[in-house]
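Please open the structure in the viewer and keep the selection panel at hand.

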Amino acid sequence: MREKVPPYFSIQVARKVQRYLSSKIVMKDLLPPFIETVAGIDLAYSGNLAVAAAVLLDYQTLQVLEKKVAVTKVMFPYVPTLLSFRELKAAFLAYKHLSQTPDVILVDAHGYSHPFRLGFASHFGVVVKKPTIGVAKKLLCGEIGPWKNNWAPIVAEGEVIGAALRTRKGIKPIYISVGNMVTLNTAIKIVLHTTRRYRIPEPVRQAHMECTRIARLLRSL
DNA sequence: GCGACAG
DNA sequence: ATCTTGTCGC
């Protein structure tokens, strides 16, 4: 039994696209020396509509500077490992609505810590050619290595593909990974810098609240 | 073949 | 992700 996806969509082609785009990921810190803005991206659903939110925040104060949303029809069912094909379009549109391009983007999904090394955060980062970081709440693949302090490496096939990170003491960790144009160490620092009193860093949390609010609104019509 | 499986 | 209220605990 094949995976349930539209007849015009081939899993085999998707895998090739993922392997190709994964090779385009830049594992270097190509961020400005002083980060001024961060963006958070997340999606929510209302029936067959995908609601994406892109929220821009000041990197130092974490004050929300701008919120944008985009709504598209869902074209793909949810298939683990193929999430980006389902969420990319709406996320891209919401992101393009921002009046200024952020220095770094936090995406509510895995990045490099993906079976084919191209989670949504990486797919998005490669497409928009911007530094992105994957911020996930559950592990998708790999094993958790020894804890150093507040973080532990996520290892797969002898390679560190991400990190489990306790953003707050005594709380379940979140899973961070390189999206694009950033180093895992820098990604961890940025995530810690942008989290306040919740488990989830502010950019992603704000984006989550925004798209959820709009989806709930559309749902009540 | 079996189980796992981001959002 | 989404369907959903109260409730236990710091």
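Select DNA strand B and the residues around it: there are 18 of them, and the closest are Tyr78, Thr81, Leu83, Phe120 and Lys137. Of the atoms of DNA strand B that come within 4 Å of the protein, sugar and phosphate make up 41%. The model in the viewer is a predicted one. By residue type, the surface near DNA strand B consists of nine nonpolar, four polar and five charged residues.

Which part of DNA strand B does the backbone of histidine 110 approach? A polar backbone atom of histidine 110 is 3.2 Å from a base nitrogen. For phenylalanine 120, a polar backbone atom is likewise placed by a base nitrogen of DNA strand B, at 3.1 Å. At lysine 137, a backbone N or O atom lies 2.9 Å from a phosphate oxygen of DNA strand B.

The residues around DNA strand C are Lys137 together with Ala44, Tyr45, His208 and Arg219. Here sugar and phosphate account for 100% of the DNA atoms that come within 4 Å of the protein. The surface near DNA strand C divides into two nonpolar residues, one polar residue and two charged residues.

Zoom in on two of these residues. In tyrosine 45, a backbone N or O atom lies 3.5 Å from a phosphate oxygen of DNA strand C. In arginine 219, an N or O atom of the side chain is 3.3 Å from a phosphate oxygen of DNA strand C.

Now colour the elements that carry this surface. Strand E1 (37-46) and helix H5 (202-219) each supply at least two residues of the surface near DNA strand C. Follow E1 to its partner, strand E2 (residues 49-58): the two strands run antiparallel and are joined by 10 bridges. Within this pair, tyrosine 45 stands opposite alanine 50 in E2.

Return to helix H5. Select glutamate 202, which belongs to helix H5. Is glutamate 202 buried or exposed? Its relative accessible area is 8%, so glutamate 202 is buried. The side chain of glutamate 202 makes a polar contact of 3.0 Å with the side chain of arginine 205. Beyond its neighbours within four places in sequence, glutamate 202 is in contact with Leu57, Leu62, Thr194, Thr195 and Arg196.

For the last stop, select proline 153 in strand E7 (residues 151-156). Proline 153 is buried because its relative accessible area, 8%, is under the cut-off of 20%. Apart from neighbours within four places in sequence, the contacts of proline 153 include Glu143, Ile144, Val160 and Ala163. To end, draw a distance from proline 153 to leucine 106: these residues are 47 residues apart along the chain, and their C-alpha atoms are separated by 19 Å.

Terms used
Residues numbered from 1 in each chain as written. Chains lettered and ligands numbered in written order. Predicted model: local features only at pLDDT ≥ 70, side-chain atom pairs only at ≥ 80, totals over all residues. Heavy atoms only, no water. Near = heavy atom within 4 Å. Polar contact = N/O pair within 3.5 Å; in protein donor to acceptor, adjacent residues only side chain to side chain. Helix = DSSP H or I, 4+ residues; strand = E, 2+ residues; numbered from the N terminus. Nonpolar A, V, L, I, M, F, W, Y, C, P; charged D, E, K, R; others polar. Buried < 20%, exposed > 50% of the residue type's maximum accessible area, 1.4 Å probe, protein only. Contact = heavy atoms within 4.5 Å. Pairing = 2+ DSSP bridges.
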